[in-house]
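This report looks at one helix and its surroundings, and then at a few backbone angles.

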Amino acid sequence: MLVSLKWLRDYVDIDMDTKEFADKMTMTGTKVEKVDFFGEEIENVVVGKILEITEHPNADKLIVTKVDVGTEVIQIVTGAKNVSVGDFIPVARIGAKLPGGIKIKKGKLRGELSEGMMCSAEELGIDEHFVAEHKKNGIYILDHEDSYELGKDVKEVMGINDALIEFELTSNRPDCRSMIGIAREAAVTINSKLKYPEIVVKEEGQDINFDIKIENEDLCNRYCARTVKNVKIGPSPYWMQRKLIEAGVRPINNIVDITNYVMIELGQPLHAFDLSKLTTGKIVVKNAQDGEKFTTLDEVERTLDKDMLVITDGEKSLALAGVMGGLNSEIDDNTTEVLLEGASFKRENIRATSKKLGLRTEASGRYEKGIDTNLAKEAVNRAAQLIEMLGCGTVDKGVVDIYPTKPEVKKLVVNPQRINKLLGVEVPMDQFVGILESLEFNCNLVSSEKLEIEVPSFRLDMEQEADVFEEIARIYGFENIPSAQLEGNATAGVKTAKQKFMDNVKNTATSIGLNEILTYSFVSPKGVDKIQLPENDPKRSFVTLINPLGEETSVMRTTMMPSMLDVLYTNISRKVDSACAFECGHTFTPQNGLPKEHNHVCIGMYGKDVDFFALKGAIEVICKSVGFKDYEVIPEKENSTFHPGRCARLEYNGMYVGTFGELHPNVIENYSLGQRVYIAELDLDVIFENSSNNIVYSPLPKFPSTSRDIALIVKDDVYVKDIEDIIKSNGAGLVEAYKLFDVYKGAQIEEGHKSIAYSITYRSKEKTLTDEDVAKVHDVILKELAEKLNANLRSN
């Protein structure tokens, strides 16, 4: 926010050094970014009047002028083409100084004496963006008065003897994005009185006769309008132009300048329509039509949608609400009647419209942050007052004010004693209340522990006691709050068991050749479609972001697989032959209140030496490293994300732990992977809760072991797990270990069958086993295998 100190003094008396004032404002929370002093480098530049112009005898592109500077007439040689006899211009006399360290000396140009220099806007430090066309690329013509006092300091005449303060405002203080807002803070900071502009409208026209209708009251909750007749379009007075320029706004014409002036002064954007172009005699505020074409004041045709709010005359759109007016209703040199609009629009809708169209304006920037609804009528009246004061037109009687739902006065109840305790200083109750009342809060002190507060409508940021605490602290003065040493007992920082567990998982995964990746928790909802989750899958229920950056980051992930597959696709697209990656991260499940957060690990791999068993081996190593045992690997054939027959899930005591396997060909195609890819996702919370790294001591065996090898012929659909379950359950305490060492299918094996060979180790803790002891158990195992799995010993 750019603030001219001279303009600010219209509302509050500032009787102190500018830098001291800037420091005080920063200390009370209105941070000053920088202070610029206009005209600080300008010396001995005065008002002059051109009396005579003659051609230079020795140069075609130069002229010789006689200029009256009050005390004498001097000769100046110049090459400017935009000067005429009788023009008042800024003259840098001999010895004058200009911005950039330029010093004017007496000299000759092509043999003719030049006793000074006529100044352009650039040479006076004025941005030509704010300068009228006839003053650009030439001398700055002083034409905002009929006559000037010759020889007068041009800084005073042009109003460039001022300080310009740039405030860095936080987004929660939209009320400070105006001169009155800054003046309000300044008055409290320097203990001065705020002088609001006295708004009295002189109405001389007929009664206003204009119909206004709001169709979408959610997006527009107030609309005020005034009409002005006998309008005379022309330049605004220089004092107004100068104030607009210092605020960073280019002057255009008197009516538009007045609306911009009021916007900067009060903080309420206004818009002026050419009344003759509103053919129906009414205003209708409604949503635009999908695909509607609308040309804004910048002469760009824009495509609107049904979520955007427009101002219409019932037949055609006239303006994008809160953003920019339309070319079809702009003020031009032929305008004789004006409709002034002051309205309140929903900030979220203005933000969305501005973002969709890539169109940001001073008005939209203010609406996005939030504007006091009560300002609408006040601002329209202020603009009407200025139009009448400047003789720009005749104001009709009355205001049309459509205000469907007035917001309730916001009230807070706070505990001053608690606030003082948090501050660490005892602010007296009269001073406590006085600070809030100086900020225009209405206070009722019930007791030292109860203060009832009515929040002014312009303070949109006040929500709770903590906000009141902040107001007291900053106005009382942070420098007045004594500092205190921190107290407490220092303790050594240690990791929790869960953190150590996560470290173990990551370290183990890295040690077996997996590369750790990191992806965002915000994802696209289309990811679950690409991995072919069923329509009724709980993972399709997302936590949705209210204001996402885009569709691709609009929800919080329920599974990590899409993110992993995006990373693998990136590697494949960059011709990386193989990749093995893992990520430990979070997934989120919506529920009442805050969503539930889960810790997961996702593993993805592809390449020449990668297959189902490589992935299974990685999972087994990780589980073993954290002490997760006795889980079951169960084949899964109906998972639509994975290849049928090449997928399995992990379970522990009936609890689901995770799924792993080869991706379904359709998923591979969805991600354009072009080769077999293997992926797993495990629930680390379940693994952590059921893991134990406790080591149980077992004495070394005293008695020898003996082993038996068996080769079984079974059907192809028999799983080795079924065989191992029978071996374990029938071991009678003597089976110490078993190991699968061969799976064979060939000419000697019947079609549809396979040979599976195991080595079984027997040992007793109490004696040396005899062949008879082993045979009893071994025969039972073979019998159970034959009965339950139809497994027969291989004979060849």
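The model is predicted, and the description begins with helix α10, which spans residues 416-423 and in which Pro416, Ile419, Asn420 and Leu423 are buried. These residues lie on the same side of α10, because they cover an arc of only 100 degrees around the axis. As a general point, an α-helix has 3.6 residues a turn, so residues three or four places apart point the same way. On the face of α10 turned away from the buried side are the exposed residues Lys421 and Leu422. The cover over the buried residues of α10 includes the strands β25 (411-414), β26 (442-447) and β27 (450-454), together with the helices α11 (429-438) and α12 (465-476).

The N-terminal end of α10 is capped by Asn415, a side-chain oxygen of which lies 3.0 Å from the backbone nitrogen of Gln417. After α10 comes Gly424, whose phi is positive, near 80 degrees.

Most residues other than glycine have a negative phi. Positive values in residues other than glycine occur at Ser672 and at Ala732, and the table gives both.

| Residue | Phi | Place |

Is Ala732 buried or exposed? Ala732 has a relative accessible area of 64%, and since exposed means over 50%, Ala732 counts as exposed.

How values were computed: Residues numbered from 1 in each chain as written. Predicted model: local features only at pLDDT ≥ 70, side-chain atom pairs only at ≥ 80, totals over all residues. Heavy atoms only, no water. Buried < 20%, exposed > 50% of the residue type's maximum accessible area, 1.4 Å probe, protein only. Helix = DSSP H or I, 4+ residues; strand = E, 2+ residues; numbered from the N terminus. Arc of directions from axis to C-beta. Contact = heavy atoms within 4.5 Å. Polar contact = N/O pair within 3.5 Å; in protein donor to acceptor, adjacent residues only side chain to side chain.
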